[in-house]
Structure formats: structure tokens, C-alpha cells
Amino acid sequence: QVQLVESGGGLVQPGGSLRLSCAASRRLFSIKAMGWYRQAPGKQRELVAGLTSGGRTNYADSVKGRFTMSSDNTKNTVYLQMNSLKPEDTAVYYCNALTVVGSGEVSNWGQGTQVTVFS
């Protein structure tokens with residue numbers, strides 16, 4: 001298991017930027033994959049960005065070119081840099097860590113951080 005603590009959410013105007021952080025309780029190299037998800041009111045949780053242990057990233061089409069996911073292995077922390085924010089980016093953002101336990105996988109979630117883009 002791994003504990004995840006997100007930070008960095010807040011209020012921002014359209015076109016603005018925020019950087020979310022997710023601190024993990026164990027070394028990132030021991031985690032199979034990390035991801036940022038978001039859930040807007042009345043909508044399903046969706047993947048925003050993912051990062052594999054091999055360093056590959058993938059992004060939802062809606063955020064490509066605007067969001068960047070990165071990691072700092074010395075701090076066991078992943079980040080989500082969000083630029084050119086739009087009102088439709090408003091959601092609770094969750095950090096996720098996929099860990100291998102025995103022959104299976106466990107999905108670990110942070111508590112979420114609110115991002116509100118208002119005009």
C-alpha cells in the first residue's frame with residue numbers, strides 16, 4: 001500500500017496556471033504507475049495524465065499540450081503542471097498509484113484537491 005497526499009489546488013481564472021503535487025509514502029520506483037484523475041460534478045472520474053515506472057507519459061486528448069506530468073524521485077513526488085486552464089478543467093483532481101501486490105495490482109488514491117477555473 002501507499003499513501004498519497006495531494007496539494008496545489010485552488011481558484012484560477014481562465015488562461016491561468018496551477019501545479020498540483022502528489023507526495024507518495026514510498027519510493028516512486030517501487031510503484032508500477034502513477035496517474036492524475038479528475039472528477040467534475042455529475043461526471044465520472046477520468047484519467048487526465050499517467051506516468052509509468054519506465055518514464056512514459058500519456059494524456060487525455062482534452063489536456064494535451066496544456067498539462068504536463070512529471071516526477072521527482074528524490075522527493076517521491078509527482079506533479080501536474082496545468083497551463084491555459086479552462087472552465088471545463090474545474091474538478092476534484094485525484095492522484096493515483098498502481099502497486100503490485102502478489103500476483104495482483106492495487107489502486108491507491110489520494111484525498112483529492114479542488115481546482116476551480118472561473119471567469
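**View 1. Glutamate 46 and arginine 38 pair up in a salt bridge.** Their side chains come to 2.7 Å, N to O; a salt bridge here is a side-chain nitrogen of Lys or Arg within 4 Å of a carboxyl oxygen of Asp or Glu. Glutamate 46 is partly exposed at 36% relative accessible area, while arginine 38 is buried at 6% (buried is under 20%, exposed over 50%, partly exposed in between, with a 1.4 Å probe and protein chains only). This is a predicted model, where local features need pLDDT of at least 70 and side-chain atom pairs count only at pLDDT 80 or more, while totals for chains, interfaces and linings use all residues. Residues are numbered from 1 along each chain as its sequence is written, and side-chain values use heavy atoms, leaving out hydrogens and water.

View 2. Aspartate 89 sits in the loop between E8 and E9 and arginine 38 in strand E4 (residues 33–39), so the pair ties together parts 51 residues apart in sequence. Strands are DSSP runs of at least two residues, numbered from the N terminus.

**View 3. The surroundings of aspartate 89.** With 0% relative accessibility, aspartate 89 is buried. Setting aside residues up to four places away in sequence, aspartate 89 touches Arg38, Arg66, Phe67, Ser84, Val115 and Val117, where contact means heavy atoms within 4.5 Å.

**View 4. Aspartate 61 meets lysine 64 in a salt bridge.** Here the side chains are 3.1 Å apart, N to O. Aspartate 61 is exposed at 64%, and lysine 64 is partly exposed at 48%. Elsewhere, salt bridges with shared partners link Arg38, Glu46, Arg66 and Asp89 into one network.

Definitions and conventions: Helices (H or I, at least four residues) and strands (E, at least two) are DSSP runs, numbered from the N terminus.
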